[in-house]
Amino acid sequence: MKNEKCIVVLSGGMDSATVLAKWVTKLGKENCVALFVKYGQHTSEKEYECAANLCEYYGIDLITVSTALASTGLVDFADKNYEVRARNPILALQAYNVGYNYFKKNPNEEFYLHIALGIQGSDHTDYVDCRASVVKLLDTLIQSLSNEYVSVDVPYLYSSKADIIKEGMELNVPYNLTWSCYVQSDKPCGVCPSCKLRAE
């Protein structure tokens, strides 16, 4: 099917920014939209600012929704547990709902909807919902929920951060517009997993 559309779950971080660049390059900005979800993360406002700047840079719409996800790490800074259980499946399902309605302007129009997430290889050991088995089940679930052509796209599932950045540099991703820290919004804490990975 030639009529392809894409909704990118955009956190404002390096991985999702690279995914966004990849799809805008592939389909054109008119066929892409981004979704930012406020779910109680410590750096929500900073992440939103980065997501908004990225969308302005690429000339695409940013849709923002709010939900409430539970995690001890979202409540207590000292907890050091940054995993939010089932976050990626929840965000992907939200993106399917939003993306379908965003692009379904003509009731008789058919299109292939890609739901793109920046899940990447080095997250596998730390976060259960970044595992390939979970992504496969999620893709099957979303396809089962739809009468349309739809798929979950995770291009960096088996990539290292270095591999992603290398491709991002080739795509001219403005990494200066991104944010990685889970804890602070003014300057990176340097100790959370995302800060450490970005530094490496």
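This is a predicted model: local features need pLDDT of at least 70, side-chain atom pairs count only at pLDDT 80 or more; totals for chains, interfaces and linings use all residues.
**Overall layout.** I started with the secondary structure and found 7 helices and 5 strands in the chain. Reading along the sequence, I wrote down the pattern β-α-β-α-β-α-α-β-α-β-α-α. Next I looked up burial: 50% of the 200 residues are buried. The accessible surface comes to about 10,000 Å², and carbon and sulfur atoms hold 50% of that. I also checked contacts with a separation of 6 or more, and 73% of them join residues 24 or more positions apart.

**Cores.** Which residues have the most contacts inside the largest nonpolar core? I found Ile7, Leu113, Ile115, Leu117 and Ile142, in a core of 29 residues. Elements giving two or more residues to this core include the strands β1 (4–9), β2 (32–38), β4 (112–116) and β5 (149–153). I then took a look at Ile7: leaving out residues up to four places away in sequence, its contacts include Val33, Leu35, Ala95, Val98 and Leu113. A second, separate core has 24 residues, among them Leu10, Cys55, Ile60 and Ala116.

**Helix α6.** My last stop was α6 (residues 161–170), where the buried residues are Lys161, Ile164 and Gly168. They lie on the same side of α6 because they cover an arc of only 65° around the axis. On the other side I found Ala162, Lys166, Met169 and Glu170 exposed. After α6 comes Asn172, and I noted its positive phi, near 60°.

Definitions and conventions
Residues are numbered from 1 along each chain as its sequence is written. Side-chain values use heavy atoms; hydrogens and water are left out. Buried means under 20% relative accessible area, exposed over 50%, partly exposed in between (1.4 Å probe, protein chains only). Helices (H or I, at least four residues) and strands (E, at least two) are DSSP runs, numbered from the N terminus. The arc is that of the directions from the helix axis to the C-beta atoms. A nonpolar core is a set of buried Ala, Val, Leu, Ile, Met, Phe, Trp, Tyr and Cys residues joined through side-chain atoms within 4.5 Å. Contact means heavy atoms within 4.5 Å. Accessible areas come from the Shrake-Rupley method with a 1.4 Å probe; for residues, only the protein chains shown count as cover.
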